[in-house]
Amino acid sequence: RMGKKFRMVHACVAMQGCPYNLMQFALKCHPEQLQESDEEGNLAFQLAIRSGKIWKHGVETILEGYPAVIVSIGLDERFYPIVLSFLGRKSSLSVLFGVLREIPCIIEPFDDETNKRKRADTIVKIGLV
């Protein structure tokens, strides 16, 4: 189709059976594409999930390269604790730290009455030893 921009990352993550090394190469060469949507409005993260990519073979790498995808896909903030718990159990420390750095509100408590995050009165400092 005329005017369609080819995105190597999107093509690799959307393809079932794409060799993991090829996907890694695409992500290394074009990390900016993680933040781009295709013509249908899909981010690479969404395409990877739909194509059946698993955590250790693509999804974690995408999240590491673009931690803010959690916000970009419009995930309801009430699911943030579940996401954080999963990341704490399944991901590398660099992925978890990247998400905390990009989305600091993920650790703020949620107020069910107002459907908003409660803002902390103090700054929470996380130290890594």
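Modeller: A pocket here is an open set of points, on a 1 Å grid over the protein atoms alone, where a 1.4 Å probe fits and protein lies on both sides within 12 Å along at least five of seven lines, and lining residues have an atom within 4 Å of a point. This is a predicted model, in which local features need pLDDT of at least 70 and side-chain atom pairs count only at pLDDT 80 or more, while totals for chains, interfaces and linings use all residues. Residues are numbered from 1 along each chain as its sequence is written, and side-chain values use heavy atoms, with hydrogens and water left out.

The second largest pocket is lined by Phe45, Trp55, Val59, Leu63, Ile70, Ile73, Leu75, Ile82, Val83, Phe86 and Leu87. Two or more of these lining residues come from each of helix 4 (59-65) and helix 6 (80-90), where helices are DSSP runs of H or I with at least four residues, numbered from the N terminus. Helix 6 gives the most, with 4 residues. By class, the lining has 11 nonpolar, no polar and no charged residues, counting Ala, Val, Leu, Ile, Met, Phe, Trp, Tyr, Cys and Pro as nonpolar, Asp, Glu, Lys and Arg as charged, and the others, Gly among them, as polar. The space in this pocket is about 150 Å³, a volume being the space filled by probe spheres set on the points, which are joined across faces, edges and corners.

Helix 6 also meets helix 7 (residues 93-102), through Leu84, Leu87 and Gly88 on the helix 6 side and Val95, Leu96, Val99 and Leu100 on the other, contact meaning heavy atoms within 4.5 Å. By class, that contact has 6 nonpolar, 1 polar and no charged residues.
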